[in-house]
Amino acid sequence: MTIWAKWTDQKTEEIIGNLLRAGVLLAAMVVSAGAILYLVRHGEAPADYRIFRGEPTDLRHVRGILKNTREGHARGIIQLGVLLLIATPVVRVAFSVFAFALEKDRMYVIFTLIVLSVLMYSLLGA
Amino acid sequence: MSVLVFTLLVAAGSLVAGFLGALTGLGGGVVLVPLLAILFKVDIRYAIGASLVAVIATSSGAAAAYVKEGFTNIRVGMFLEIATTLGALCGAFLATRIPAPALAIVFGLVLLYSAYLSSRTRPLPPANEEPDPLATRLKLNGSFPTPNGVRHYFVRRVPAGFGLMFGAGTLSGLLGIGSGAVKVLAMDQAMRIPFKVSTTTSNFMIGVTAAASAGVYLRRGYIDPGLAMPVMLGVLAGSLLGTRVLVKAQTRSLRLVFAVVIAILGVEMIYKGLSGKI
């Protein structure tokens with residue numbers, strides 16, 4: 001209980017720093033792994049981004065991306081890395097809710113929950 | 001062009017953008033979209049999606065280092081993120097309704113404004129002694145370490161800063177950029193937050209702001225893994241390199257050169273938008 005009792009902003013800052021670094025590193029590693037597969041398999045194909053078609057539905061949703069990754073699709077694995085990257089700030093905000101709660105700062109728990117719900121709405125949809 | 005050649009060229013371009021962005025403090029995001037749209041003929045919507053991903057990567061990477069130094073004001077960041085994330089959501093929805101040429105024109109105007117801001121030296125805001133009641137109630141006042149001990153500061157004009165932040169978030173969601181320039185403007189000009197605190201706190205907020213619009217972009221199919229991959233890895237490597245060199249480099253003339261490049265890209269984007277070539 002002594003660790004929780006003496007919770008400070010400084011401790012929060014340290015954990016947030018580590019969290020962000022770990023998230024970016026993990027995302028970059030997953031994207032790199034997908035990149036190698038993608039270039040080996042599709043390196044010779046023509047690249048064309050002139051016309052906007054939009055991504056297939058499977059690469060737009062968490063469930064579809066996970067399914068693609070399990071099946072070993074290179075583009076799915078890269079998209080999983082992108083998803084991990086987008087999740088990094090979300091996890092940071094979720095941790096802040098917890099940290100402000102430990103500091104018994106009710107006002108900031110509410111502020112942080114508002115930000116978290118905007119992020120969840122954006123990522124998961126209504 | 002084959003996927004392999006395209007990937008390598010885009011990665012190299014993103015590396016240079018990330019490197020110069022970190023070195024000049026202007027961020028790489030602002031040149032990424034014009035680079036992709038003009039040089040690589042990528043549709044502006046794919047370009048914006050890929051740029052957003054890169055912006056999250058660089059801002060989170062840099063924030064990790066800054067937060068530990070003790071300059072970042074986490075409460076100011078959290079409070080203003082309410083405004084930037086709502087703005088970003090709004091911008092992302094607007095982006096799906098605005099035709100590509102109009103997006104290019106808005107982008108061009110923002111580039112010109114960023115070039116103007118970075119070429120001019122910022123007047124130092126006067127030190128403020130008395131606390132602002134609203135900022136005190138919101139616990140926004142803070143302190144940071146200096147060689148001569150801890151310096152305390154008071155935050156001012158909270159509503160103006162909050163409003164500007166909503167605008168910064170909207171631009172970020174609309175154009176896939178960090179909007180660091182507008183964020184710093186809101187914090188050091190309107191809210192009178194010391195420069196070092198406002199730049200690091202702005203960086204801290206950029207990742208969350210970009211994540212709010214990236215979710216919408218992902219669900220709308222604007223984020224292509226084949227394009228996002230070289231952009232994200234290139235910019236990340238470039239900005240890590242840039243922050244390493246930053247300590248030794250003389251950045252004033254470089255900043256000016258980068259500002260000119262941004263201005264030229266801005267004019268080009270406006271021209272492409274007006275002539276419907278985008």
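How many residues of chain A are in contact with chain B, and how many of chain B with chain A? Select both chains to begin: 53 residues of chain A are in contact with 51 residues of chain B, two residues being in contact if their C-beta atoms, placed from the backbone, lie within 7 Å.

This is a predicted model, in which local features need pLDDT of at least 70 and side-chain atom pairs count only at pLDDT 80 or more, while totals for chains, interfaces and linings use all residues. Residues are numbered from 1 along each chain as its sequence is written, and chains are lettered from A and ligands numbered from 1 in the order in which they are written.

**The side of chain A that touches chain B**

Select α2 (9-42), α4 (74-102) and α5 (106-124) of chain A; each supplies at least two residues of the side that touches chain B. Helices (H or I, at least four residues) and strands (E, at least two) are DSSP runs, numbered from the N terminus. The most is given by α2(A), with 18 residues. Colouring this side of chain A by class shows 29 nonpolar, 15 polar and 9 charged residues. Here Ala, Val, Leu, Ile, Met, Phe, Trp, Tyr, Cys and Pro count as nonpolar, Asp, Glu, Lys and Arg as charged, and the others, Gly among them, as polar.

Chain A has 5 helices and 0 strands. Its radius of gyration, taken over C-alpha atoms, is 19 Å, whereas a compact globule of 126 residues would have one near 14 Å; the globule rule is 2.2 Å times the number of residues to the power 0.38. Of the 126 residues of chain A, 37% count as buried, meaning that 20 or more other C-beta atoms, placed from the backbone, lie within 10 Å of the residue's own.

Now display chain B, with its 11 helices and 2 strands. Buried residues make up 59% of chain B.

**The largest nonpolar core**

Show both chains again and select Ile86(A), Ala50(B), Val53(B), Ile56(B), Val231(B) and Met232(B), the residues with the most contacts inside the largest nonpolar core, which has 128 residues. Such a core is a set of buried Ala, Val, Leu, Ile, Met, Phe, Trp, Tyr and Cys residues joined through C-beta atoms within 7 Å. Helix α3 (residues 44-69) of chain B contributes the largest share, 16 residues.

Finally, centre on Ile56(B). Leaving aside its neighbours within four places in sequence, Ile56(B) is in contact with Leu85(A), Ile86(A) and Pro89(A), and also with Gly207(B), Ala210(B), Ala211(B) and Ala214(B).

Definitions and conventions. A residue is buried if 20 or more other C-beta atoms lie within 10 Å of its own, exposed if 12 or fewer, and partly exposed in between; C-beta atoms are placed from the backbone.
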